[in-house]
Amino acid sequence: MGNGQRGVAVDLTPAFIADYEQLQRDFDRLRASGAAACEAEAERLRSQVQDLSGQRDRLQGQLQQVEGELQEARRQRQESDAQVQRLDLEKSQLTAQLAAARARSFPQQWASLLKQPLELSNSLDTRFVLLPAGQFWMGAPDTDLQAERDERQRHQVRITKPVWLAKYAVTQAEYQRVMGLNPSAYQQSGATAPVDSVSWNEAVEFCRKLSASSAEQAAGRAYRLPTEAEWEYACRAGTETRYSFGDAVGELGDYAWHSGNSDWITHPVGLKKPNAWGLCDMHGNVWEWCGDWYEAAYYNSSPADDPRGPAGGSFRVARGGSWSGGASRCRSSCRNWVAPDHRGDGLGFRLAMELTS
Ligand SMILES: [Ca+2]
């Protein structure tokens, strides 16, 4: 304290007391007016909140109404989509029926022209139908969403010469008679079930042996695997739809043994409906070897007349789907490729026959 500073002391003079009391009054007034302002603000906010919750209720009501309308519109759209699908299918069935009806008379016309019967049997009692010469669209149409890339290059093909094609795939009994053995995995399906587990090489050997038999030589008949083009031409029998009966997969069971109805086994040939040219089991039961090498892009360069496949390759073509495959594999245009020495238990073949005399 030696430097003259004084300690803080409260000077309770009357002036100070007056000032303090004034301050206290001001403070109380401010506090009161503040509370009033707060009250007013709270009131404003309360009414705003009320306003907003009123708005929210209105919007919620509107939203519910719109959602209801949307649901109804969706239901209507689904209904009309389903109707469009139904009509599309119906149209495909009628189109296929019309095409099949038109094509049904072709074999008869060619049989008359060639002075041949409509059906022939050989020394094995294998039945053949006459495939008329003709023109068709090979491959899948753009509307077939299940089509793979290798089927998509749809193009016109001419089969310039009539050929005989077996009504059924080669059976276990027929294979046994020619080759002296039955390689089938499904022998319990019986002698009239298609032979399975036969390689392309063995199928070709079967054709060679049968063609070389004295009975067939004497009758002037020679055998080979159909070309891929002949196979699809025969399968379609005039139709341009996914199956030879239209697009309705629900009807496939009337025509084919496939994974949906086969119980995972082959079935005797000819139990299902034939196509317009009298050919059975083209869809399903066993895949059928064709003569051609397989090439995915072959349709880009395929000749228009009697295509016979690329000059070489690693795989041979098989067609038609089988007991083990789904419905889409049974489509007329579906292509499969298999190594020529492979023996698949879903693989068999069907004979093409040419008259040599
Ligand atoms: Ca088949």
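**Exercise 1. Find the residue just after helix H6 that takes a positive phi, and decide whether H6 is enclosed or open.**

Step 1. In this predicted model, the residue to look at is Ala237, which follows directly on H6 and has a positive phi of about 45 degrees.

Step 2. Helix H6 itself spans residues 228-236. Go through its residues using the burial cut-off of 20 or more other C-beta atoms within 10 Å. Glu228, Ala229, Glu230, Trp231, Glu232, Tyr233, Ala234, Cys235 and Arg236 are buried.

Step 3. The count is 9 of 9 buried, so H6 is largely enclosed by the rest of the structure.

**Exercise 2. Work out the strand order of the open sheet and name its edge strands.**

Step 1. The open sheet has 5 strands in the order S1-S2-S5-S11-S6, and the pairing is antiparallel.

Step 2. S1 (119-121) and S6 (221-224) each have a single partner strand and stand at the edges, so one side of each lacks a neighbour in the sheet. From one strand to the next, the twist averages 35 degrees.

Step 3. Now check one pair inside the order. Strand S2 (residues 127-131) and strand S5 (residues 163-166) run antiparallel and are joined by 4 bridges. Val129 has Leu165 in S5 as its bridge partner.

**Exercise 3. Describe the side of domain 1 that touches domain 2.**

Step 1. The domain assignment gives domain 1 as 14-115 and domain 2 as 121-355. Their C-alpha centres are 56 Å apart.

Step 2. Domain 1 puts 16 residues into the contact and domain 2 puts in 17 residues.

Step 3. On the domain 1 side, helix H1 (14-104) and helix H2 (106-114) each supply at least two residues. H1 gives the largest share, 10 residues.

Step 4. By residue class, this side of domain 1 has 10 nonpolar, 4 polar and 2 charged residues.

Key:
Residues are numbered from 1 along each chain as its sequence is written. This is a predicted model: local features need pLDDT of at least 70, side-chain atom pairs count only at pLDDT 80 or more; totals for chains, interfaces and linings use all residues. Two strands pair if DSSP finds at least two bridges between them. Axes are lines fitted to C-alpha atoms, for helices over the stretch in contact, and angles run from 0 to 180 degrees between N-to-C directions. Domain bounds come from an automatic or database domain assignment. Two residues are in contact if their C-beta atoms, placed from the backbone, lie within 7 Å. Ala, Val, Leu, Ile, Met, Phe, Trp, Tyr, Cys and Pro count as nonpolar, Asp, Glu, Lys and Arg as charged, and the others, Gly among them, as polar. A residue is buried if 20 or more other C-beta atoms lie within 10 Å of its own, exposed if 12 or fewer, and partly exposed in between; C-beta atoms are placed from the backbone.
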